Structure formats: structure tokens, C-alpha cells
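Student: I would like to go through this structure and ask what each label rests on. Please set the values against the cut-offs.

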Amino acid sequence: MPYWSLLFSAVALGMLVLAYPKLRGTTLTAPWAWSLLAVSVLAATEMTLAAAEATNDGRAGAVVPEHQSPEPLRDAAALVTLCPLVALLGGKRPQHQAWQMIVISLWGILALPAGESWLLHPADAMVVHPLRQWFVAVVILVGVANWLGTRFWISGLLLCYAHWSLLGRWLPTTAPYELSAAGSLGLIAAAIGLVWLGFPRRRAGRLSLDRLWFAFRDTFGQVWALRLAERINTTAAQNGWDVHLGRDGFRSRAIPSGWTEIPLALEDALLVALGGMLRRFVNDQWIAAALGRTIPVPLAVGSDSTTPRDEHSVSSQPINS
């Protein structure tokens, strides 16, 4: 029913709007904007098609002509829900702004069969080539895999099933229990709600750097987390630091049981190195909040250098990402 679509979309949009202040100063504003657009487009499409079905009796001026299949419109709208996933994969400064053109282009390429069907074959069922079907399936799988192993894996699975239900008719296989558009919007709203409520709870790290690392991984997903872990481990090897960054956080190579506290000199060096990389994604306030303390040696935004620029502190504010 269109009213359920309207209700679920209103709930999802409300939570997204309330979450925006937590995203200021990060590169998540683009995926956030795409999420707003995706939910709005889905709801508007369902309301439009419902209105057309109610009033379309062959009269002139109908919203959707009687002979026009609604499938292309639904497919094009459902494909917009993939844009936030793709936008997140390009969330590193300064490329994150130009990356949005890639997101728009990808949507245009994926929606091309819908446009052709709508304009050239309006009365026929929409046909999508198997290669396109598999490509969309891969995008969905990459999107959910990005959240597996993070705090918000449940939201990732809910979004995956929502995408599968929305696009199942144009994927290699349909969902075992295909949901309506309203049901898919309900799953999307539930996924956003879990993140907004902070469920599951944040993993407690023994070390402040662990808490910073877990916060970044839970916020930006596994793809960027693995990339940054690789960079940190390469830097540690080049400098001869007794540390390895893995799934469980920062661990000593020489002490199997791990540190009770990281040696102060090493912690400062790691904070400078990691902070320089994180500033490609977040600002000093976000880092301080994740650490739970002030930052003594901030770097220039977007710098990968481990040489401090100034010495000033940034106050920490609690974050509930």
C-alpha cells in the first residue's frame, strides 16, 4: 500500500535529518545526501504509480499512460538505492567530490535499460541483459560485505535484502520471499534506525587507539578500514615499530598477550600516523570524540605526513555513530 511506503519513508527521512549533525566535517555527507534522495525517490515513485493506477481509466492527462508498464520506473527508482553504497566507496578527500560524478554515471548506465524500455517499448516487459544483472548483483554484494565484520552488520543485511527485493526481477535470482516496495522501505527504515539508535553497542577497546580504530571501521566499513590498516602496518614496518593493526586493534608483535597500555612514545607516533590518514575522511573533532580525549598534535587536513604542523588541542565530544 502506498500509505505504508509514505510512512516508512517519512520515518527514514526523519532519522536521516536528525543524524546529519553527527556527519558534519566528514566525507559521509555525500552518502547521506544520496540516502535522502533514494528514500524520497522510492516513496515518490510508489505514490505516483498508485495514483496512476487509481485514476488511469484511459482518460487524457493520466499520470502514467494505460499502456505503459510501470516496471522501468520502478527499476530506475530502485537503482538509486545503490548510490549511497557506491558513494561511500569514494569517501576519501579530496577525491570524494569528483567521485559523485562517477556515482551519477553509474546510475545512468544501470538505468539505461529502464529508459530504453520506457521510451521505446512501453507496453512490453522490461528485459535486462544477464551481464547487467550480475553487475548489479555484485554491487549489492560489495555493499553488504562492506558492513560484515563491523558493528552495523545487521543493518547491512537488512539493506541487502531490501535491495534484493526491489531489484530481484532484474537480478540473476529473485529473493526467496520478495517484499513489496513498502516492505523494502520498511527494511531500509529499520536499517537506518538501528544505526541511529547505536545498535549493536559500540565495541569497547582496551586502548584509546583501539576505540578510534573501531569507530572508524564501524562508520566507513571494511573496505576503507582494510586499506588504512595496510597503510599503518606498512608505516610500522618501515619505522621498526613493535605494533600490528588487525581485526582486534593494535597489538604488539613481541608481546603475545598484548599491551596493558601502549608505550607513550609509540602511541604518539601511531596517533600522528593514523590521524594523518583519518583526516582524509573526518575532522579533528570526530577523532577527539572517538578517542575520548584531546588531540595534542593535529595535522593539516588531508595530509598523510607524520610531521606535526602545530601544537594545539581539540576537545572531545561524545559521538553516537
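Tutor: Of the 321 residues of the protein chain, 49% count as buried. Keep in mind that this is a predicted model. The secondary structure comes to 13 helices and 2 strands. The accessible surface of the chain is about 15,800 Å², and 63% of that belongs to carbon and sulfur atoms.

Student: What share of the contacts between residues at least 6 apart in sequence joins residues at least 24 apart?

Tutor: That share is 67%.

Student: Why is Trp-224 called buried?

Tutor: Its relative accessibility is 13%. Buried means under 20%, so Trp-224 counts as buried. Phe-281, at 1% relative accessibility, counts as buried by that cut-off.

Student: What makes Trp-224 and Phe-281 an edge-to-face pair?

Tutor: A search of the whole structure finds 8 aromatic pairs. For Trp-224 and Phe-281, the ring centres are 5.0 Å apart and the planes stand at 65°. Rings pair if their centres lie within 6.5 Å, and planes over 60 degrees apart count as edge-to-face. Both conditions hold, so the pair is edge-to-face.

Student: Which parts of the chain does that pair tie together?

Tutor: Trp-224 lies in helix H11 (residues 222–239), while Phe-281 lies in the loop between helix H12 (264–278) and helix H13 (284–291). The pair therefore ties together parts that are 57 residues apart in sequence. Ring pairs also link Trp-224 and Phe-281 with Trp-213, Phe-216 and Phe-220 into a cluster.

Student: Which residues have the most contacts inside the largest nonpolar core?

Tutor: That core has 80 residues, and those with the most contacts inside it are Leu-82, Leu-167, Leu-212, Trp-213, Phe-216 and Phe-250. Leaving aside residues up to four places away in sequence, Trp-213 touches several residues, including Ala-225, Leu-228, Leu-245, Phe-250 and Leu-274.

Student: How do you know that Glu-46 and Arg-74 form a salt bridge?

Tutor: Side chains of opposite charge can pair when their charged atoms come close. The closest N and O atoms of Glu-46 and Arg-74 are 3.1 Å apart. The cut-off is 4 Å, so the pair counts as a salt bridge. Glu-46 lies in helix H2 (residues 29–55) and Arg-74 in helix H3 (residues 71–79), so this pair ties together parts that are 28 residues apart in sequence.

Student: Are Glu-46 and Arg-74 buried or partly exposed?

Tutor: Glu-46 is buried, because its relative accessible area is 12% and the cut-off is under 20%. Arg-74 is at 27%. Exposed means over 50%, and partly exposed lies between the two limits, so Arg-74 counts as partly exposed.

Student: How many salt bridges are there by this rule?

Tutor: The count comes to 5. One of them joins Arg-227 and Glu-230, at 3.4 Å from N to O. Both residues lie in helix H11, 3 residues apart, about one turn of the helix. Arg-227 has a relative accessible area of 38% and Glu-230 has 45%.

Student: What distance makes Arg-279 and Asp-284 a salt bridge?

Tutor: Their side chains meet at 2.5 Å, N to O. This is within 4 Å, so the pair counts as a salt bridge. Both Arg-279 and Asp-284 are buried.

Student: Why is Gln-100 called buried?

Tutor: Gln-100 has 14% relative accessibility, and under 20% means buried. Gln-100 is found in helix H5 (residues 95–110). Not counting residues up to four places away in sequence, Gln-100 touches Ala-30, Trp-34 and Ala-87.

Methods
Residues are numbered from 1 along each chain as its sequence is written. This is a predicted model: local features need pLDDT of at least 70, side-chain atom pairs count only at pLDDT 80 or more; totals for chains, interfaces and linings use all residues. Side-chain values use heavy atoms; hydrogens and water are left out. Helices (H or I, at least four residues) and strands (E, at least two) are DSSP runs, numbered from the N terminus. Buried means under 20% relative accessible area, exposed over 50%, partly exposed in between (1.4 Å probe, protein chains only). Contact means heavy atoms within 4.5 Å. Accessible areas come from the Shrake-Rupley method with a 1.4 Å probe; for residues, only the protein chains shown count as cover. Rings of Phe, Tyr and Trp (its six-membered ring) pair if their centres lie within 6.5 Å; planes under 30 degrees apart count as stacked, over 60 as edge-to-face and the rest as tilted. A nonpolar core is a set of buried Ala, Val, Leu, Ile, Met, Phe, Trp, Tyr and Cys residues joined through side-chain atoms within 4.5 Å.
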